[in-house]
Amino acid sequence: MSEIAFPVKDLARRKFQTGLTIVGLTICTATTIFLILFGENIGFEIALVTGGKLTTGFSNIFSRFVFMVSFLNILVGALVTSFLVYLSMSERVRDVGIMKATGCLSSIAFGYFLTELSIIVFLSCVAGTILGVLTHFASISALSALGFSVSQRPLNLWMIVIIFFVFVVASHILGIQPVIKAIRVKPAEALSPLYSYGTTSGEPGKPASSRLSLTLRVAYRALMRRKSATRRAIICLAAVLTLTTVTIAGGIIASQTTQKYVERAVGRDIIIVGHPDLTGQYASLLSQFFETKEIEPINYLDEKYQISEHLISELSNISGVLKVDPRLVLEANVSEVQGVIIDPEEQTPYVLVGDHRFGEALVLGVQPERVVNEWLIFGRVLNETDVYSAVIGDSLALEMFADPQKQAIMVFEKNFEIAGVCLDPLNNGKVVYVPLNALSTLVDGQSNCNILFLKIDPSKRSQVVADIEERVSGTMLEPLELNGILEKHLNFLGYIWSFIMFLPLFSLATATLCLLGYMMLSVTGQQREFGIMRALGAKPKTIIKIVFTEALIVTLISGAIGVFIGLFFTFVLLIPEPVISQSTLTSVAGLLLLVLILLCLFSLYPAVRAVKKSVASVLSQP
Amino acid sequence: MKKIREKVVSASSLCKEYQIGGLIIPALRDINLEVVEGEFVSIYGPSGAGKTTLLNLIGGLDQPTSGGIVVFGHDLSAYDEDFLATFRSTYVGFVFQSYNLVSTLTSLENVSFPMELAGWSEERVRERSEKLLRLVGLSHRANHFPAQLSGGEQQRVAFARALANDPPLILVDEPTGNLDVETGLEIVSILEKLKMKGKTILVATHDERIMKFANRMLHLRDGRIVAKDE
């Protein structure tokens with residue numbers, strides 16, 4: 001038989017095992033391809049290149065998530081392949097013995113099984129790549145249909161090829177191990193009914209305490225008897241459940257955290273008052289986060305945009321206006337100013353950091369004590385005593401500065417020390433906040449405020465809006481509520497995460513495949529014993545209880561390991577300052593519990609199938 | 001006055017067929033049989049004659065293709081798997097040709113298994129299991145697993161297990177088939193003791209040492225009873 005015909009026929013004959021392995025690896029490949037393409041398209045590329053729609057700070061959160069999940073996916077894909085190949089080889093070791101006993105050289109037998117592995121891996125990776133690309137297109141189309149202008153970027157073919165080969169290589173490296181082990185078994189050993197390939201051993205297992213209930217005792221002994229397979233199943237499931245935990249816990253917490261950051265940056269119950277040109281411009285700049293808009297240049301210092309002190313005072317006196325935050329908004333060229341730090345290597349006492357990069361940014365003069373936003377700030381906020389200090393947006397910090405908090409930014413030929421970096425969706429994070437007086441002096445010494453932020457009491461919303469409209473009537477100014485734009489921000493983030501949040505379903509499917517494969521092997525190995533038990537009076541539900549207990553033990557051990565590692569990754573590596581509410585914890589715990597329960601339930605399938613066979617037919621099998 | 005003994009097994013026009021692929025293979029054809037309480041019936045015949053199939057049907061391990069089989073007043077073709085499990089646990093003790101011990105349980109636990117399934121108390125289970133192991137001379141092997149026992153020892157554990165719930169009907173399939181002469185004798189002695197205890201026993205065997213205890217012998221060939229020897 002040719003070197004290809006045998007493996008192909010063999011795989012076709014073992015449809016279930018082959019199918020399980022292909023589906024498992026396909027899911028992992030598809031998930032990784034989807035994550036990276038989808039992430040890249042909406043702006044949080046794995047290469048951490050700045051761009052896209054989200055600000056760099058938000059992109060970093062997504063990037064870490066994508067990187068972590070992709071890494072785990074590759075690991076899980078390889079482990080699942082290795083585990084399922086191991087299960088398959090445990091049933092094939094006798095065939096290997098027969099092949100070798102009839103004169104087949106080890107290298108030829110190895111070649112057959114390597115070809116089988118390669119066929120499975122290539123089929124899975126090709127199917128996974130196609131599925132991943134299709135899912136990516138479907139998700140982008142769905143986002144566009146939901147009203148977010150997400151443009152289709154050309155596919156990053158290099159990235160797809162790299163992921164494809166990473167999966168192929170990793171799956172081959174781990175998948176070939178069980179094949180090598182099986183090929184090394186001597187023919188006499190392989191053909192001996194006493195030989196086991198780690199799935200069963202001559203030893204009946206450690207005695208369990210006789211006080212354990214019957215079901216638990218039988219289940220425990222069965223697991224101990226297949227120690228090697230059980231250990232591999234636990235490792236494989238633990239890796240899958242780590243991935244599941246990272247996607248569920250990481251996804252939910254990252255979703256809530258990013259939404260909270262946006263809410264803090266945009267502000268809730270904020271009404272801006274200004275000339276319609278300027279409020280419209282501000283709204284467009286704020287919406288850059290989720291949609292691409294052409295921004296027309298305007299002269300921010302035009303006299304018609306100025307807001308008088310008298311009007312500010314009048315609006316402050318409206319009942320229900322909690323805070324008034326006057327600002328001077330303008331666009332300007334800003335440039336990086338080098339900073340001086342102490343050399344960490346102590347060769348020279350001081351070194352310069354940074355360069356002389358420059359670019360356009362939105363500059364906002366604010367009165368620090370009146371600011372209504374509560375950005376997430378790395379560093380410190382501006383305070384009343386600051387004169388030439390600035391807080392800059394995250395994108396500006398990452399694109400233009402080496403060590404922002406040790407550097408200064410030049411605005412209108414004046415250096416401002418950078419006090420902090422804030423996460424801000426305004427103008428995609430390319431913003432600079434400086435004290436209003438300093439900015440006003442620098443531009444013309446006269447312009448003071450061209451936009452007003454009012455924080456209002458939401459319970460008096462309609463009355464406050466009516467009062468504001470009344471006060472500004474007769475002027476060229478108009479109020480504009482930001483809550484609508486804030487909701488769009490939150491919806492956009494929500495949609496992105498909800499697309500990513502169906503990844504746990506893939507993880508669940510992979511975990512189910514692992515456990516199902518293991519339980520199939522377990523039930524097949526115990527089929528005769530279950531038959532004996534039934535002959536002695538055990539009801540089908542007793543058998544199902546035993547299998548359920550086995551699955552439960554494996555799931556709980558791997559769940560404990562996987563969930564612990566997953567939570568560690570999530571809290572230590574993934575999200576530096578997570579926003580966690582009681583409801584988040586409840587939903588994370590609930591979902592993880594649901595995953596474990598579903599896993600155990602799915603694992604009952606082989607048992608249900610086994611108890612449908614008549615006792616006599618089971619016992620008559622050799 | 002002679003005691004009227006109750007009918008334990010009653011089979012009428014009993015047929016069993018197996019379907020392998022598209023091929024129908026008859027295992028039992030038109031079996032009519034009655035066994036009364038305390039009777040020792042020996043079934044013999046060539047390999048493939050249907051001896052094991054007949055025992056399986058009487059023990060509720062399998063369902064007939066046609067005909068009826070009533071054991072202790074229960075029509076076994078009319079019940080579901082849950083009832084049959086309870087039936088086997090209550091009325092029948094099986095001894096299989098290949099011992100069929102649960103490999104992950106010790107000798108003591110194998111013997112205890114049917115009692116635990118029947119819900120006996122832990123103490124009672126332990127007492128009776130130890131007593132039964134003493135009966136078959138294996139007290140010293142109580143904590144050994146089947147893989148650590150010889151064939152004869154495994155067969156004796158299987159007998160002890162068959163007696164666990166003190167069932168009125170014992171079905172034994174080729175009990176000495178896989179054993180050496182000396183060990184076979186031990187099994188014969190156990191069967192003799194069971195007969196003296198008044199158990200109803202059906203044994204599929206070719207062993208003349210066992211057949212000589214039988215009240216009746218059934219000769220099976222090609223799925224039919226070809227001779228009934230008193």
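## Helices α4 and α5 of chain A

The crossing of α4(A) and α5(A) is right-handed (the near helix is turned clockwise from the far one by less than a right angle; if anticlockwise, a crossing is left-handed). This is a predicted model, in which local features need pLDDT of at least 70 and side-chain atom pairs count only at pLDDT 80 or more, while totals for chains, interfaces and linings use all residues. Residues are numbered from 1 along each chain as its sequence is written, chains are lettered from A, and ligands are numbered from 1, in the order in which they are written. Helices (H or I, at least four residues) and strands (E, at least two) are DSSP runs, numbered from the N terminus.

Helix α4 covers residues 106-145 and helix α5 residues 157-183 of chain A; their axes come within 9 Å and cross at roughly 150°. Axes are lines fitted to C-alpha atoms, for helices over the stretch in contact, and angles run from 0 to 180 degrees between N-to-C directions. The two helices are therefore roughly antiparallel to each other (angles over 145 degrees count as roughly antiparallel, under 35 as roughly parallel, 65 to 115 as roughly perpendicular and the rest as oblique). Residues of α4(A) that meet α5(A) include Phe110(A), Phe113(A) and Leu117(A), and those on the α5(A) side include Phe164(A), Phe167(A) and Val168(A). Contact here requires C-beta atoms, placed from the backbone, to lie within 7 Å. The contact has 15 nonpolar, five polar and no charged residues (Ala, Val, Leu, Ile, Met, Phe, Trp, Tyr, Cys and Pro count as nonpolar, Asp, Glu, Lys and Arg as charged, and the others, Gly among them, as polar).

## Helices α7 and α16 of chain A

Helix α7 (residues 214-225) and helix α16 (residues 540-574) of chain A pack at an angle of about 55°, with their axes 8 Å apart. They are therefore oblique to each other, and α7(A) passes α16(A) in a right-handed crossing. Among the residues in contact are Leu216(A) and Val218(A) of α7(A), and Lys545(A) and Glu550(A) of α16(A). By class, this contact has seven nonpolar, two polar and two charged residues.

## Chain B as a whole

Chain B contains seven helices and 10 strands. For 230 residues, a compact globule would have a radius of gyration near 17 Å, and the 17 Å of chain B agrees (taken over C-alpha atoms; the globule rule is 2.2 Å times the number of residues to the power 0.38). Of these residues, 48% count as buried (20 or more other C-beta atoms, placed from the backbone, within 10 Å of a residue's own; exposed is 12 or fewer, and partly exposed is in between). Of the contacts in chain B with a separation of 6 or more, 69% join residues 24 or more positions apart.

## Where the chains meet

The contact takes 24 residues from chain A and 23 from chain B. On the side of chain B, α2 (81-91) and α3 (107-117) each supply at least two residues. The largest share of that side, six residues, comes from α2(B). The side of chain B that touches chain A divides into 11 nonpolar, seven polar and five charged residues.

Notes
Contact = placed C-beta atoms within 7 Å.
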